[in-house]
Structures are given as C-alpha cells and as structure tokens.
Amino acid sequence: MLAYIGRRMIIMPFVLVGILLIIFGMLQLLSPQQKLATFIKSPAELKNNDVEVLIEKYGLNDPIWARLGRWLNDVIHFNFGYSESASMPAAEAFLQFFPVSMELALWSALPIILGGIWLGTVAAVNHNNVIDHVTRVFAIVGWSLPSFVAGLLLLMVFYGGLVNWFPPGRLGLDASGIVQSASFTRYTGMNTIDAVLNWNWFVFWDAVKHIILPAIVMSYVRWAMLLRIMRSSLLETLRKDFVTTARSKGLEEGKVIKKHARRNALIPVATIGGIYLAFLINGLVITETIFNWNGLGRWAVRAAQQYDTSSLLLFALFNGVLLVVANLSVDILYAYLDPRVTYD
Amino acid sequence: MDYDWKRNLVFGLSFLLVISLFVAGLAQDRPEIKNPDTFVAATIGGSASTLDPAYIYDTTSSAIVTQIYENLVRFPMGKADANELNAEGYSLGEFKPMLATKVPTRENGLIRTTDDGKVIYEFPIKTRVNFHNGNDLSPEDVEYTFERVMIYDRTGGPAWMVLQPLTGYKSVETLVVEEVSEADKFSETTKEERIKAYNEYIDPAVEVDGGSVLFTLPEPYPPFMSILAHGANWSAIIDKEWAIEVGAWPGTAETWVDYHDPGGGQAPSESPLYDKANGTGPFKLENWDKGNEVVFTRFEDYWRQPAQLERVVYQRVKEFSTRKLKLKDGAADTMGFSLQFLPQVEEMKNVKLYKELPTVAMNPAAFFTTDVPTENNDLVGSGTWGDGIPSDFFNDVKVRKAFAQVFPYQSFIDEIQYGLGYYTNAPIPKNMQPFYNQDLEPYKQDMDKAKQLLKEAHGGTLWEKGFQLTILYNSGNNQRKTASQMIEAMIEQLNPKFEIKVRAVEWSTYLEQLTTGSMPLFIIGWAADFPDPHNFAKPFAGPKGTFSGFQGKTIIEICKNEFEPLIEEGLGTTNTEERKEAYYELQKRFKELVPSFPLPQQLGTRAIRTWVQDAPFNPMYEPWYSWLYPVSKSYE
C-alpha cells in the first residue's frame, strides 16, 4: 500500500504541470484586448486608460513562451502574481479564501455523508413502504431545490422572518471585533476552530450561529445523490448470500444491517462521496453568495469572468492537488472497506 | 354574578390585547436602535484594491480613504437623512476649507497670475491638526503628498489629474521625454535627465512658503480646485514622516524613479501604503478584511469635535436579498441597490428612501462608429447594403440623427428607470450648473422625423436597400440590453428592410470590440472624476477622448474641427461666463453633429434606517458611503 501511495505522489507533479500547461495554453488563445479585461473590469474603468499603453505595459502581446517563462519563473519563486479579481496577491487571496470555504465544507461534510448514509439506510431497510417513499421525496425535493432558493427561504424564515436566530455573514459585529483584536490569535482562519483554540466561547457560538444555515442548505441539496446510491447499494447487498447466511444464523436484523450489509454497501458511496467532497470546497458559489461568505467559489467565478490568469492558474493548481488527493483517499478507503482490495 | 365575572375577564383581556397591540404598533414604528454607536453600510461595491491614495482610481477604495484622509478643501454638503432632504444644500462649484484655513480666490489674493502667465494658488495650512499616529500636520506634508502623486503616476492611475494642471503633461514619463530628453521612450532616458525633470518641473510645482503651500500652474486650469477637493483621493494629504518611515518615496530627486509606477501599475500591493493608512480624518482604520469588510474607529484627537459614531463598518454583501434582510433587521443602517430592486425597497418599513437625488454622470450614452472596419467583422454583416452596412454607414449625420430620434426615451424612463430618469443633452451633465445649456431641447422620440432622415440618408440608398447590423452589450447589464432592444424595435418598425440584432458578450469581448473600433453602435457610460465640464467635454468630444478615440476617423475629424477649439476655450479661462459660453456652444454643436447621444439619465437613490441623522449628501460621493463625520443614530 505504501509503495502505491508513493507511486501516486511521484506522478502528482506531472499531472499538475499537465493541467497548468493546458489552462495556460487556453488562456493564450485570447486576444491582447480580451486579456486586458483582467485589468479593466468594467466600462467605468476605461477612463484615461490608454489601451495600447496598457497592452504593452503588461506584455499582453508577448509570445506565449515569454509569458509562460515569466509565470513559471514567478511560481518557482513562490510568487503567484497579483490577483486583479481579488485585489490582492493571488497567494494571499488563496490563503484568505481557502479557510472560509474549508470551514463551510467541513461543517457540511459530516451532515452530508452521515445524513446521506443514514437516509439511504432507512430507505433501503423500509423498502417500498411509507418511510421509504417519504425519505426519498424529502431528499429529492432537496435535490430539485436550487441552492439560492433553499438559502433564501431559510434566511427569510430564520433571519428577519419568524425568528432572528441565524444571521448571514461569518460573524456578528461584536464577535468580529474580538476576532480582529490583538488578543485573539488566528491559527487556521476558520472561526469555529480558532474560537475553540482561543477558548472563546462567545465567538464560537456566534460562528456556529452563522454557519448553521449554510451548512443545512449544503447538506439538504446534496443528500438525494448519496441516499440513492446508498439505498440501491444496500438493497443489492441485502439480497446477497452472505446476508441470508447471517440471518439464517439467527442474527438480529439490526446487527445484520449494521455489521454485515452496510459496510459492503458503503463501497460505491465512498467512490462518489470522496469526489463529492473534493468538489464541495470549490462548489460553494451560490451558498457563499447568499450567506455572504467570501470564499474560494466566489473568487473563482470572478477570476473566470475577468480572465484573471494568476488566480485561475493558482486555482487550477489547487484543484489538481485536491482531486489527486481525493482519488488517493478513496483508493485507500476501498482497501479499508474491502479487505480483498490490494494495490501491490 | 358568575356572568359578570366572565364578562369582566373577557373585557379585561380584550383591553390588554388592544393595549399590547397598540404598544407593539408603536414599537414597530420606532424599533430599538441596533448598535447605536456603529454605522453599518451593506455595500454592493467591488473589492477595494489598496489604501494608497496615490494609486486608487476606483470607487470602493476611494470610499475607504474618504473617511480616513482629508484634503485641503471640500465641497459644501447637502443633507438626506431620516428627517430631511436638503439636496440643494450641496455645491459642486463652491468650496469650504478643510485642511487649509482659507479657500483661495482672486478676491482674497490667494490666486494670482504672474507676469509670465503662470497661475499661483496659495493655501494657508491649518495648525494643531494631528495625524492618527499623533504626528502634526505641516505644509511639508502637503508638498510631499502632491509631489509623490506626480512621481508615482502608476499606469492607468489617477495622477494625470494632478500632473496635467501642474506640469501641462498627463504623464510624468511623457514630461521627461518631451521636456528634457532626446530619447523617444522613457525607458531610454538617462538618470540625469530624470533628475533634471524632477528638479525643473515636479519640485517647483508645489512649494512650501512659511505656513502656506503654493501651487504653480503653467497656465490657467479652471477645474484645479475640484481636483483638490475632498473625495478626490489623489489629493488626500498624507503624513510625510510616517510615509517615509513605512518605506514610501524618501522625497528626493535621485530616488523618484525607484518609486515610479510600482509593479507597472499592476500590483497595488507593492506600495508600502497598500494596507496601511494614517490620515487626519475623523475615523481611523481599524481593520481591512480584504474583499469583505472595512472597520473604522473614531479618531478622538480629531481637530474638530470627534465624530458622533464610534465605529463605521463597510460590509460587502453581494446578494441583494441578504443586504435587504440586514437593513430590515437593522443590522445595516444603509445599503446599496440597483434600480431593479426599487419596488422591494419601497415596501420596507423603518427605512427612509430617497429616490430623486441629483447625479453627475453621463451614463448611459449611445455612441456611433464611423468608418467601421468591414473585413472579418460580423457586426456589420456583409459590409454592404441589404444584409450588412457599409463602412461609412454612420458617417452620414442624418443616420446618426435618426437613431437619436427613434429612441423611446419616455418608455425607457418609465419601464427601466422606474420613473427616475430625465432627458438631457450631452456631453455636459444636467446638474453641472451653470454650464449645462438649459436653452437647448434634448432629443426626444420623433418617428416621423427619423423616417424622413433615413429616407434622405446616403442619397436614398439606405432606405431603398435596407441594412443589417449588430449591437453588442456586456452580459449582465440589463439597462444596456434593454436600450439596445428598444433601438432594434424602433428602427425595424420604420422599414421591413432594416434589421438590427442584439447580442450579449462577455466584458472581455466587448472591450476587444470597443478598442478595435468594430462596433458600429455601442452603449457605455461615464462618471465624473471631478465635477467640472472639462471632465465630460474631453472624453466625449475631444479628438483624443476616451470614447471619441474609438469612433472612427470621421468623428475624430469632427471632434478636432468642431469641438476641440471650444474645449480649449472652456479650459483656457477661469471666467465662469466665458466658460459657460464655450460649453453652451459645444452642446449645441454636439447635438447638431451627434457623435453620440445620451439616453435618459438616472436619478440617485439612498435607503437608510429611520434612525440615521445628519447624513450628508453630495453627488460626488456614493449615496451609501458618503462622508460620515456628522452622522449619528437616534430618533430625535
């Protein structure tokens, strides 16, 4: 297994370089004027900008190898360039936005996975009866509901509606003041974790209040997929001989499901779940927008709209690493869930 | 007896219910003030790029430094708060002292002309003014501020506004090349030449004279005072000692080039003042969470009474519904919104909405391109009559006039601007008095006249053979989309042989088409850098103007022959009457030759909680940022 992981780690840099070259090449297909959209973001900014001067100044007309060389040279020196879409250096933007999305993804991941598995198990065990139907309808409604609709509905009920419990944003004014003060140490950039590490329960509770609604939205709109996979996988497993054998040995139904059937049924869930979580971290655009969380997803969209090369390349690099790591994790999880799987 | 007891109980409970409802109703009218010492603005705006006043050329960053830094003078402010609208109280042509003790005028002798025609502005500087770090304000700080802006001159930045009046050049690089060097490019000039340019042009332009600062202009430049006024971040006074301490330009001739155009104007973070601020303003920077939030705290040693508010927070909330919920809850005191959401804001309780505030902009306006390239340009179809347009389609003034007269101005005001639009002439905005030509009737829709003009245009060929062209708009801009569709609908009504297609493109493609002069007709807008007619006359009517430069050689010729002499006349004198005459004539000729025409202009809006008091108003500030020094929160 270790040798397998080692081999995958060696291949990873080549995969990343490949991804970057493809994206860099695609960006070079744009005309110099189109590339200028990175620097002039709206018609209002045209004022006094001599277009030809800017094209020359930023080297937008330079040959592809010159631009690639410049970019690679910067990356070697850990300089990912300036992100016009974030109005700060790209690396700094990444470090600022990553913990935001990561925190939301972490808080959503557990409910998504556990909720999906639980709902799938409930549906399969109650195959074709009322509970099965209700569970599936509940999940499918979530799947069909666009994130922005679910988000806004929840906000309208739980903030400024029936009750005023869960405000948008990441922190309230008072908690924000504490977090920005010198007495509060930033360890991870994730408010809930930093609050615990600072032993500040006021900030922790405030951060939790702000994360509950987006985490619910993230979970609810994603449960259906995992539910369906878990349900069909568990149904198939429950029909297998080893389950019949377990039952015939007189094992309680709960033990049959929990100890024997569910573990086997989890294999396809692990395949989908791993990739699902990898995408989760940068697929939060709508939820981040509705709940005013300025994370990676929103940044990536802005960068794409503006052809912000520095940000897009850094983002591609991050996604490459994320997917390779996610795939590797799934492979390792296979081996754990199914002892028959080996990679040697 | 039993019956009486029950009746009394029912009566008592009913009474209590009525009282409770009444009290609840009262409470609803005056809900408890949230965060009474903190003002929260939920903004639409983009992300601030830097806090360096010399770099900033965007509204969001400018709104931040406006609270922190101060200028030599400021515009008088009107008021639009919870109780009162005094939009008329503002002025764009008068000034009040800020860090100067007096506003220079010819009458008080602080503006004078030398024998060789140079104009000197003298600003006596206030004493006992502290920067946020405790340093005293001195005239040297003022001199350093302006010299730094001039040598900094980042690509695409605002320094041209200071350089132009003080040196006659829009860029310091051009100044070096043109005045002291034989080289063709700045990069080829020698160190000695650069030092010489500094010593002969930059340094003498701003000098300390006792407790005053003297600005020497090579020739009259009427907008000069507007360029210095508060809100103009490039003229915000910084602390020389502090700036040098944190790594900014040391103020010497030998070193200026090292601090010129850092990062090629591409990397604001390369400036040492990128994320630091130290002004004399009523609020200090507490925290800048980039892209999310800016927090200011009250400056207790402010030279006037400290501000009423203890804290100011700008929160960037991209989604309108979320902003609205925050304002509704009282977690925000004001918010920005685009006009499409006006009906929703109108329904909000405990929110005061102003919707007829004056604006100073020329946005949107429709521009024609003459001599449009027809090769590899799908926007002009085949490039000939019938299924395209010839290159000189808009060279004929009758075509341009016809397009200006088919536009359904009133429908645009009613449907797109929710009634908050007004007719105007171009290129001077209606609120830029006294330079707007009141006697001139703006274009109105007249389909018969338009039909007649198109019948006569191009010797009748246009009418006979018809045409087809495409109008682009940058996707997401609904106002431009609808304006384009309105032109399409009206033109196609005139003759079945006329066809206009409307297409959305990404901003990058739009920019490419614009800068290559490929769009036969484009809709774009302009907001004021500084409130002076020159800031509109030049980009719209100057032969090298921002827009006219993209409109083909025929329009450039028109600008050169018909408009440029008037633009120079308007700029060459400080006499208001003479300027007015020049700009009146410019507007008249502009309407006749119609290189572009203004669509209805939109009035400004402001939504604030009913507890916001003394909120100033001036159209040069964004309505939801404004200048927050006098603001407080109460119901009295």
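1. The model is a predicted one. Arg128(B) is not a glycine, yet its phi is positive, at about 55 degrees. Arg128(B) has 7 other C-beta atoms within 10 Å and is therefore exposed, the limit for that class being 12 or fewer.

2. A positive phi also occurs at Asn376(B), a residue other than glycine, with a value near 50 degrees. Asn376(B) belongs to the loop between E15 and helix H11 (397-406) of chain B. Asn376(B) counts as exposed because it has 7 C-beta neighbours inside 10 Å.

3. Chain B contains a cis peptide bond between Asn363(B) and Pro364(B), with omega about 5 degrees. Pro364(B) is part of strand E15 (residues 361-368) of chain B.

4. A cis peptide bond also links Gln433(B) to Pro434(B), where omega is about 5 degrees. Pro434(B) sits in the loop between strand E16 (421-422) and helix H13 (447-456) of chain B.

5. Between the chains, 40 residues of chain A are in contact with 45 residues of chain B. On the chain A side, the elements giving two or more residues are helix H2 (32-35), helix H3 (51-57), strand E2 (88-89), helix H7 (147-158), helix H8 (173-180) and helix H14 (285-290) of chain A. H3(A) supplies the largest share of that side, four residues. By class, the side of chain A that touches chain B comprises 24 nonpolar, 14 polar and two charged residues.

Note on methods:
Residues are numbered from 1 along each chain as its sequence is written. Chains are lettered from A and ligands numbered from 1 in the order in which they are written. This is a predicted model: local features need pLDDT of at least 70, side-chain atom pairs count only at pLDDT 80 or more; totals for chains, interfaces and linings use all residues. Two residues are in contact if their C-beta atoms, placed from the backbone, lie within 7 Å. Ala, Val, Leu, Ile, Met, Phe, Trp, Tyr, Cys and Pro count as nonpolar, Asp, Glu, Lys and Arg as charged, and the others, Gly among them, as polar. A residue is buried if 20 or more other C-beta atoms lie within 10 Å of its own, exposed if 12 or fewer, and partly exposed in between; C-beta atoms are placed from the backbone.
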